[in-house]
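Dear colleague,

Please find the structure below, handed over for your own use.

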Amino acid sequence: MFYFDPTYILVIIGAAICMIASARVNRVFNKYARVRSHSGMTGREAAEKILRANGIYDVTVHHIPGNLTDHYDPRNKTLGLSDATYNSASVAAIGVAAHECGHAVQHATGYSPLRIRGMLVPVANFGSMAAWPLILIGLLIGGSGSSFLINLGILLFSAAVLFQIVTLPVEFNASSRAIRVLENSGMLYQEEISQTKEVLGAAALTYVASAAASILQLLRLLIISGGRNDD
């Protein structure tokens with residue numbers, strides 16, 4: 001007989017949320033990637049200008065492959081801009097570059113949530129890798145030791161969820177910094193600022209969706225664990 005686990009609904013909801021958020025950010029980015037900024041600055045030029053305006057001279061801006069793979073790496077102070085950003089003079093490219101510069105400014109100014117997220121990285125990485133094997137082994141072996149393994153797996157997965165939650169203020173703050181610097185620098189017209197807000201807002205929703213999906217997955221694990229203990 002087939003057994004349907006009703007907690008799978010939580011996984012399906014989380015996956016649907018992430019798919020919707022991903023589709024939206026791709027749609028919005030592609031829309032404004034076709035809108036050339038009046039300044040004609042590329043993402044690389046905008047990033048370098050923003051970094052210098054904030055007194056940051058030790059961050060290297062370089063090209064990385066992929067689409068929307070842009071990121072700032074605080075370990076070696078490098079700002080990677082993807083194919084769609086580095087040499088593009090679009091409104092979307094400048095907005096994304098400014099957002100990544102926001103992370104560099106956070107790092108330079110000692111922004112607390114960024115420091116906390118950095119400390120959580122190794123724990124979250126280990127937790128996301130080790131949690132499920134421990135939980136599955138605990139479910140399979142049964143006995144007195146199974147509860148320990150399951151609870152340990154849930155604890156490790158909670159660390160990964162905490163990382164996702166801490167990421168939210170980091171990303172929202174970077175976007176706020178990006179909008180402010182673009183407004184004050186005059187790199188974009190007011191109409192372009194509104195378009196940039198739409199791009200960064202859509203990108204922020206992907207982080208919210210990811211955090212929501214992780215929380216739903218954690219809730220599912222807690223329900224499964226609680227039901228097993230009741231049995």
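This is a predicted model: local features need pLDDT of at least 70, side-chain atom pairs count only at pLDDT 80 or more; totals for chains, interfaces and linings use all residues.

How many aromatic pairs does the structure hold? The structure holds one aromatic pair; rings of Phe, Tyr and Trp (its six-membered ring) pair if their centres lie within 6.5 Å, and planes under 30 degrees apart count as stacked, over 60 as edge-to-face and the rest as tilted. The partners are Trp132 and Phe157, arranged edge-to-face at 6.2 Å centre to centre with 70 degrees between the planes. Because Trp132 lies in helix H4 and Phe157 in helix H5, the pair ties together parts that are 25 residues apart in sequence. Trp132 is partly exposed at 27% relative accessibility, whereas Phe157, at 10%, is buried. Here buried means under 20% relative accessible area, exposed over 50%, and partly exposed in between (1.4 Å probe, protein chains only).

Residues are numbered from 1 along each chain as its sequence is written, and side-chain values use heavy atoms, with hydrogens and water left out.

Overall architecture

The protein chain has six helices and three strands, in the order α-α-β-β-β-α-α-α-α along the sequence. Helices (H or I, at least four residues) and strands (E, at least two) are DSSP runs, numbered from the N terminus. Along its principal axes, the C-alpha trace spans about 65 × 35 × 25 Å. Of the 231 residues in the chain, 45% are buried.

Helix H3 (91-109) has 19 residues, which at 1.5 Å a residue should span 27 Å; its end C-alpha atoms are 27 Å apart, in agreement. The expected span is 1.5 Å times one less than the number of residues. Since 16 of its 19 residues are buried, H3 is largely enclosed by the rest of the structure. Just after H3, Gly110 takes a positive phi of about 70 degrees.

Helix H4 (residues 112-141) should span 44 Å with its 30 residues, and the 42 Å between its end C-alpha atoms agrees with this. H4 bends by about 40 degrees at Val121, with a proline, Pro122, following within four residues. The bend is the angle between axes fitted to the seven residues ending at a residue and the seven starting there. Among the buried residues of H4 are Leu120, Ala124, Gly127, Ala131, Leu134 and Gly138.

Pockets

The largest pocket has a volume of about 410 Å³. A pocket is defined on a 1 Å grid over the protein atoms alone, as an open set of points where a 1.4 Å probe fits, with protein on both sides within 12 Å along at least five of seven lines; lining residues have an atom within 4 Å of a point. Grid points are joined across faces, edges and corners, and a volume is the space filled by probe spheres set on the points. This pocket is lined by 15 residues, of which Pro74, Arg117, Gly118, Val121 and Phe163 lie nearest its centre. Strand E2 (71-73), H4 and H5 (144-185) each supply at least two lining residues, and H4 gives the largest share, with seven. The lining comprises seven nonpolar, five polar and three charged residues; Ala, Val, Leu, Ile, Met, Phe, Trp, Tyr, Cys and Pro count as nonpolar, Asp, Glu, Lys and Arg as charged, and the others, Gly among them, as polar.

The second largest pocket holds about 330 Å³ of space. Its lining has 16 residues, with Val25, Leu68, Ala203, Thr206 and Tyr207 nearest the centre. Helix H1 (8-32), H3, H5 and helix H6 (190-230) each give two or more residues to this lining, and the largest share, six residues, comes from H6. By class, 10 are nonpolar, three polar and three charged.

Backbone points to inspect

Most residues other than glycine have a negative phi. Leu68, in the loop between strand E1 (60-63) and E2, has a positive phi of about 60 degrees although it is not a glycine. Leu68 is partly exposed at 31% relative accessibility. Lys77, in the loop between E2 and strand E3 (78-81), likewise has a positive phi, of about 55 degrees, and is partly exposed with a relative accessible area of 31%.

With kind regards
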